[in-house]
Amino acid sequence: MDLPRAPGTVTDPSPLPRLRAPHLVLAFLAVVTAVVGSVIGLWVVPPDAMQGDVQRLMYLHVPAAWLAFLAFFVVFVMSVLYLIQRDPRWDLLAASSAEVGVLFTALTLVLGSLWGKPIWGVWWTWDPRLTTTAILLVIYVGYLAVRSFAADPERAARWSAVVGIVGFADVPIVYLSVTWWRSLHQPPSSPQSMASSMLWTLMLNLVAFTLVYAYLLLRRYQVAVAEQELDARRAED
Amino acid sequence: METWLRTWAILWKDILIEVRTKGTFNAMAFFAALVLFIFSFAIGPDAALLRRLGAGLLWIAITFTGLLALARTYHSEEMAGGLEALLLYPGEPRAIFLGKLVGNLVVLLLVEAILYPVAAVLFHVDLGGHFLSTAGVAILGTFGFSVVGTFYSALTLHLRAREVMLPLLVLPLLVPVLLGAVSATAALLTPETAGGLGGWIRLLVAFDILYFVVCTWTFPVLLER
Amino acid sequence: MGYLWVGYVLTWVAMVWFAWRLEARARQVGRRLRETERDRADERRRPEGDHGRT
């Protein structure tokens with residue numbers, strides 16, 4: 001995207017130190033690690049002894065879940081920063097992280113279903129982590145809905161920041177309560193130890209997903225800042 | 001001290017309005033009982049099944065009725081164009097939140113006072129054994145519901161599609177409260193279906209304290225401008 | 001093993017699609033910003049208002 005880039009103006013949006021076309025660097029790294037991670041995950045690392053090849057979905061499902069929650073943590077931090085400093089850039093970062101977060105959350109749930117069906121025979125289980133992820137999705141949707149239904153951008157920013165903060169406080173409580181709820185109704189599943197090759201593959205895919213998140217977040221943020229500048233210019237004319 | 005006076009003033013105003021117009025409380029109580037009736041029809045006459053589901057159905061009815069009550073939290077202010085007028089007076093805006101919170105809490109508890117006996121009859125549950133504990137759980141759960149609900153009803157006041165937005169925002173936050181209230185009520189009244197009472201009580205108390213603090217603290221942000 | 005392949009394909013298609021939509025939006029915003037730049041440059045070059053005409 002070749003926006004006119006005068007330094008010190010709002011078209012130079014990054015509050016971070018500037019690189020030349022940082023998004024291309026991120027995209028390249030993300031693609032490379034993703035390809036390598038998937039290749040290793042699908043063909044190099046050995047399959048699980050009990051679950052077979054379907055277990056390879058773990059290399060997508062777990063990183064997606066990790067990023068779903070990380071993205072919401074970013075929403076939380078940016079929301080707090082926005083309410084304290086009222087700098088609109090924090091708000092746009094929060095909103096961008098929320099949009100990207102919805103993608104990862106939805107992926108986590110779909111991949112969870114795809115993994116669960118061949119293993120347990122059902123499309124859905126009330127596993128605490130999956131249940132918390134589903135609720136996280138609803139909280140995200142609420143956050144984005146507040147932004148689109150608010151009367152003006154300042155209220156959208158303020159109210160969604162509150163939703164982001166209050167919603168984030170809810171996530172660990174939901175997790176604890178569902179875990180307690182499940183533990184009363186069924187014996188806890190024994191944690192499985194992972195072979196080190198599987199662990200490394202998981203780590204690699206985690207890095208890949210984090211790079212994808214960083215790229216999408218940066219790009220979404222740049223677009224948001226540019227759109228805000230566009231609205232400002234149109235309002236002046 | 002002044003904050004408590006303002007809280008009480010707002011609460012008393014709402015009580016007076018409610019008593020004089022008398023309409024909505026009766027409608028809400030009737031609606032709640034109706035929901036329980038419909039559940040009974042939908043599930044059928046199997047007494048054992050109704051007993052197992054009783055606590056859950058009861059709290060669903062409370063939730064639906066509660067959402068109705070919450071939507072009207074600022075109704076009297078809206079009708080008189082008054083929310084802005086309230087804010088013009090100097091003093092603590094959090095008093096508005098506290099007054100409305102207690103108002104919602106009282107209304108819901110009164111509805112539940114009617115609802116619990118109805119549920120006991122429809123779902124073949126005996127209330128007598130653990131009456132005080134059950135009432136305690138009802139208060140804890142309703143308090144959590146009221147804190148989150150009163151808070152978000154202020155947020156959705158000026159939002160488009162607010163009848164939809166209020167449940168959308170409130171329900172994810174209520175998952176721990178509902179799990180706790182239903183499980184604790186079931187553990188008390190139909191102990192063959194559930195256990196872990198102590199843990200659930202602790203969860204409800206923790207949730208109530210946490211959200212009371214967070215919502216009271218953050219409330220002024222909602223009222224800005 | 002259909003589940004495995006559906007999972008992998010779905011994941012990467014979803015990410016590429018999301019990125020692609022973002023890029024399209026970025027191009028559109030960039031284009032519109034350049035248009036406003038051009039319009040403003042034109043405004044500055046034009047003589048002030050209609051005062052110069054008869």
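Trainee: Where does B:His124 sit?

Mentor: Its phi is near 60°, a positive value in a residue other than glycine. Helices here are DSSP runs of H or I with at least four residues, and strands are runs of E with at least two, numbered from the N terminus. B:His124 belongs to the loop between helix H6 (94-122) and helix H7 (131-155) of chain B.

Trainee: What pLDDT do local features need?

Mentor: Residues are numbered from 1 along each chain as its sequence is written, while chains are lettered from A and ligands numbered from 1 in the order in which they are written. This is a predicted model: totals for chains, interfaces and linings use all residues, side-chain atom pairs count only at pLDDT 80 or more, and local features need pLDDT of at least 70.

Trainee: Why does B:His124 count as partly exposed?

Mentor: Count the other C-beta atoms, placed from the backbone, within 10 Å of a residue's own: 20 or more is buried, 12 or fewer is exposed, and in between is partly exposed. B:His124 falls in between, because its C-beta neighbours inside 10 Å number 13.

Trainee: What is phi of A:Arg86 near?

Mentor: A:Arg86 is in the loop between helix H2 (58-85) and helix H3 (88-120) of chain A. It counts as partly exposed, because it has 13 C-beta neighbours inside 10 Å. Phi is positive, though the residue is not glycine, and is near 55°.

Trainee: On which residue is the kink in H3(B) centred?

Mentor: H3 covers residues 47-71 of chain B and reaches 35 Å from its first C-alpha to its last. That is close to the 36 Å expected at 1.5 Å a residue, taken over one less than the number of residues. The bend is the angle between axes fitted to the seven residues ending at a position and the seven starting there. Here the kink is about 55°, centred on B:Gly54.

Trainee: Which chains share the most contacts?

Mentor: Two residues are in contact if their C-beta atoms, placed from the backbone, lie within 7 Å. Chain B and chain C do not touch, and their nearest C-alpha atoms are 25 Å apart. Of the 2 pairs of chains in contact, the most contacts are shared by chains A and C.

Trainee: Which helix gives the most to the side of chain A that touches chain B?

Mentor: In this contact, 24 residues of chain A meet 26 residues of chain B. Helix H4 (128-149) and helix H5 (153-185) of chain A each give two or more residues to the chain A side. With 14 residues, the most comes from H5(A).

Trainee: Which residues touch the most other members of the largest nonpolar core?

Mentor: A nonpolar core is a set of buried Ala, Val, Leu, Ile, Met, Phe, Trp, Tyr and Cys residues joined through C-beta atoms within 7 Å. The largest has 137 residues, and those touching the most other members are A:Val212 and B:Val148.
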